[in-house]
Amino acid sequence: MGLSSKAGSPWGVVATVMVGTLLVGLDRTVVNLALPDIISDFDVTVPTASWLGTGYIIADAVFIPVFGKLGDMVGARRVYMWGMWGFLVTSVLCGLAPSFGFLVVLRVLQGLVGAAVFPTSLALITHAFTDPGERARAFGIWSASFAVSIALGPLVGGPLIDNFSWRWIFLINFPITVLGMVMVVLLIKKQKEKIQLRAFDWQGAALLALPLTALTLVLERGPEWGWGSPGAFLCYAVVPLGTAWFVAWENHAPDPMVRLTMLRHRTLTVSLAVSFVAFIGMVGSMFLMPVFAQSMLGYDATGSGFLLLPMSATLMIASAFSARLTANLPMRVVVSGSFLTASIGLFLLSGIDARTTWLELSMPLVVMAIGISSSFPSLTTAATASVDISEAGVASSLLNLSRNMGAAVGIALVATLSSNLFDINVFDLSKGTTIDNPAMAQSIAPLIAVKAQIAAYGSGFLVGGLVMVAAGLGALFLGKSRVADITAGPAAPH
């Protein structure tokens with residue numbers, strides 16, 4: 001059932017799935033850079049154009065658990081390859097889209113097929129490595145590619161958009177996807193699992209999709225709708241009701257999509273909860289950085305991408321060594337210390353102003369990268385090793401789902417917070433200021449607005465740091481087990 005060295009080194013498996021991880025991860029964020037050009041080409045409004053991101057994220061969130069389960073049933077390699085084929089086709093069609101409506105539909109399909117990559121990547125790594133220490137190291141390197149994909153969007157997309165066209169952020173996926181598929185054929189041995197789709201819990205998948213869609217939709221559209229709007233309240237109602245319906249069904253399903261007794265394992269549940277909270281702080285803060293650099297400091301898309309380059313490089317390098325350094329330390333020490341270190345970087349960014357230099361922006365991000373470099377590999381290892389190897393796909397899908405939901409909450413939180421704080425800061429700065437000269441008052445108003453906006457961004461980073469502290473404190477509930485002990489647990493092949 002596992003992957004043997006006959007198909008190549010297990011590290012070939014890691015290299016292969018890193019290609020897919022980077023590819024799909026980049027497409028989550030890079031489209032935001034292209035929105036101005038897409039709006040101009042198709043003559044649509046900003047709220048309408050934002051559905052390109054919303055549709056992708058909803059489809060991705062809904063289908064991650066589905067593909068995690070399918071990977072366990074029919075083979076992770078097979079499902080991963082399906083996902084790559086689908087991503088290739090949808091990427092090319094996105095690049096050739098003749099209308100905006102067609103592009104939105106394709107983005108939804110792209111998010112759907114892309115959802116197959118993340119959970120199956122983790123399952124493939126779990127099967128490929130029998131040595132606990134090597135598996136932890138492999139998860140560290142893979143986690144780096146996952147995190148780097150979030151940061152590299154502006155760096156990769158900026159030059160393509162500035163020098164060519166927004167269509168090339170999709171068309172460039174063709175050669176990369178082909179490379180990734182060739183690597184699957186050459187480096188990952190075919191699995192012999194029998195296809196058992198008749199037993200798949202289709203009703204459970206549909207019931208889970210209901211609350212996930214409502215939650216993702218309100219997080220994505222809440223700032224535009226208003227958090228007290230009828231649409232938002234409808235989503236608020238659907239989330240708990242849909243979740244309760246799903247739980248009731250899964251408790252009686254003969255072969256549930258998610259075996260809920262898995263969640264009784266404290267290591268798994270705490271890993272999911274801590275990952276959710278940490279991604280609120282990390283992705284919310286990463287969302288602010290290019291916005292601040294471009295709107296307040298005059299960076300273009302390419303320049304803001306280079307701002308994140310030191311962080312990306314640090315993640316890749318530090319993650320490769322973090323597993324060896326932390327393998328024999330208690331899990332709660334590793335993860336808690338990592339998130340607290342990351343919070344320092346965000347606290348440093350809370351003091352930004354209009355004179356902040358490139359170095360003053362990038363170095364705190366390096367500190368954050370050093371912190372999270374050992375946390376996410378450890379949590380990934382713990383989550384996938386907390387269950388039997390036959391359910392590694394489901395466990396990894398839950399982990400990725402918790403991260404995605406945390407990212408959506410983080411962006412929604414930061415967007416709402418910065419908007420509200422801007423209004424408050426303008427009022428505070430203007431309060432008590434009386435200028436009789438209309439010309440002088442008109443010249444000072446923009447300065448007040450800039451100062452208010454910068455202060456709002458600083459508060460956003462401060463909140464991100466506090467959230468990371470909360471994640472670090474939550475990690476103390478992981479217990480006294482070492483990473484090496486956990487990786488040698490139930491997920492090890494029998």
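**Note on the predicted model**

1. Val-178 counts as partly exposed because its relative accessibility is 31%; the class lies between buried (under 20% relative accessible area) and exposed (over 50%), with a 1.4 Å probe and protein chains only. Val-178 belongs to helix α10, residues 173-187.

2. Together with Phe-174, Val-182, Val-185 and Leu-186, Val-178 makes a nonpolar surface patch of about 440 Å². Patch residues have over 30% relative accessible area and no salt bridge, and nonpolar side chains (Val, Leu, Ile, Met, Phe, Trp, Tyr) are joined within 5 Å. A salt bridge is a side-chain nitrogen of Lys or Arg within 4 Å of a carboxyl oxygen of Asp or Glu.

3. This is a predicted model, in which local features need pLDDT of at least 70 and side-chain atom pairs pLDDT 80 or more, while totals for chains, interfaces and linings use all residues. Residues are numbered from 1 along each chain, and side-chain values use heavy atoms, without hydrogens and water.

4. The chain has 20 helices and 0 strands, taken as DSSP runs (H or I, at least four residues; E, at least two) numbered from the N terminus. Of its 494 residues, 56% count as buried.

5. Mean pLDDT, the predictor's confidence from 0 to 100, is 79 for the chain, and 83% of the residues score at least 70. Residues 488-494 have pLDDT below 50, with 19 contacts beyond near neighbours in sequence; a contact means heavy atoms within 4.5 Å. Where pLDDT is low, the predicted coordinates should not be read in detail.

Conventions: Patch = residues over 30% accessible without salt bridge, like charges linked within 9 Å, V, L, I, M, F, W, Y side chains within 5 Å. Areas by Shrake-Rupley, 256 points an atom, 1.4 Å probe, with all protein chains shown as cover.
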